[in-house]
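Here are my notes on this one, jotted down as I went through it. Have the viewer open while you read.

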Amino acid sequence: ASVMPGKVVRLLVAEGETVRPEQGLLVIEAMKMENEIAAPRGGRIKSIEVRPGQPVESGARLVVIE
C-alpha cells in the first residue's frame, strides 16, 4: 500500500516476476521527491494495480504479492 499520496513515476517490476523482501517495486513522486516503494515480503507479483502517471492516495493498493 502507498504510504503517502503522490503520483506513480515508474514501475520496477512486472507481473509474474519473483521479488525478494525490500526489493524496489515502483517509484512514487510526492512533494517533488521520488520515493521507492519496497516489497514488504518476498513472493511472486500477482498483479500491479497502478500505472505510471497515475495519482494514488495514501493507503492505495499498488501491487499484489502472493
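1. Start with the hairpin: E3 and E4 make one, with two residues between them, and Met31 in that turn has a positive phi of about 50 degrees. Keep in mind that this is a predicted model. The two strands run antiparallel and are joined by six bridges. If you want a spot to check by eye, Gly24 has Ala38 in E4 as its bridge partner.

2. How do the strands line up in the sheet? The order is E4-E3-E1-E6, an open sheet of four strands with antiparallel pairing. Strand E4 (33–38) and strand E6 (55–56) sit at the edges with a single partner strand each, so one side of each has no neighbour in the sheet.

3. Is E3 mostly covered or mostly open? Covered: six of its seven residues are buried. That goes with what you see in the largest nonpolar core, which has 15 residues; Leu25, Leu26, Ile45 and Leu62 have the most contacts inside it. Strand E3 (24–30), strand E5 (43–48) and strand E7 (63–65) supply at least two residues each to this core, and the largest share, three residues, comes from E3. As a general point, nonpolar side chains tend to be buried together in soluble globular proteins.

4. Leu26 deserves a click of its own. Leaving out residues up to four places away in sequence, Leu26 touches Arg10, Leu11 and Leu12, then Asn35, Glu36 and Ile37, and also Val50, Leu62 and Val63. One of these, Leu62, is also listed with Leu26 among the residues with the most contacts inside the core.

5. Last, a look at Arg20, found in the loop between strand E2 (18–19) and E3. Buried or exposed? Arg20 counts as exposed, because its relative accessibility is 55% and the cut-off is over 50%. Arg20 still has contacts: not counting residues up to four places away in sequence, Arg20 touches Ala39, Arg41 and Gly42. Pro5 is another matter: Arg20 and Pro5 are 15 residues apart in sequence, and their C-alpha atoms are 25 Å apart in space.

Definitions and conventions
Residues numbered from 1 in each chain as written. Predicted model: local features only at pLDDT ≥ 70, side-chain atom pairs only at ≥ 80, totals over all residues. Heavy atoms only, no water. Core = buried A, V, L, I, M, F, W, Y, C linked by side-chain atoms within 4.5 Å. Buried < 20%, exposed > 50% of the residue type's maximum accessible area, 1.4 Å probe, protein only. Contact = heavy atoms within 4.5 Å. Pairing = 2+ DSSP bridges.
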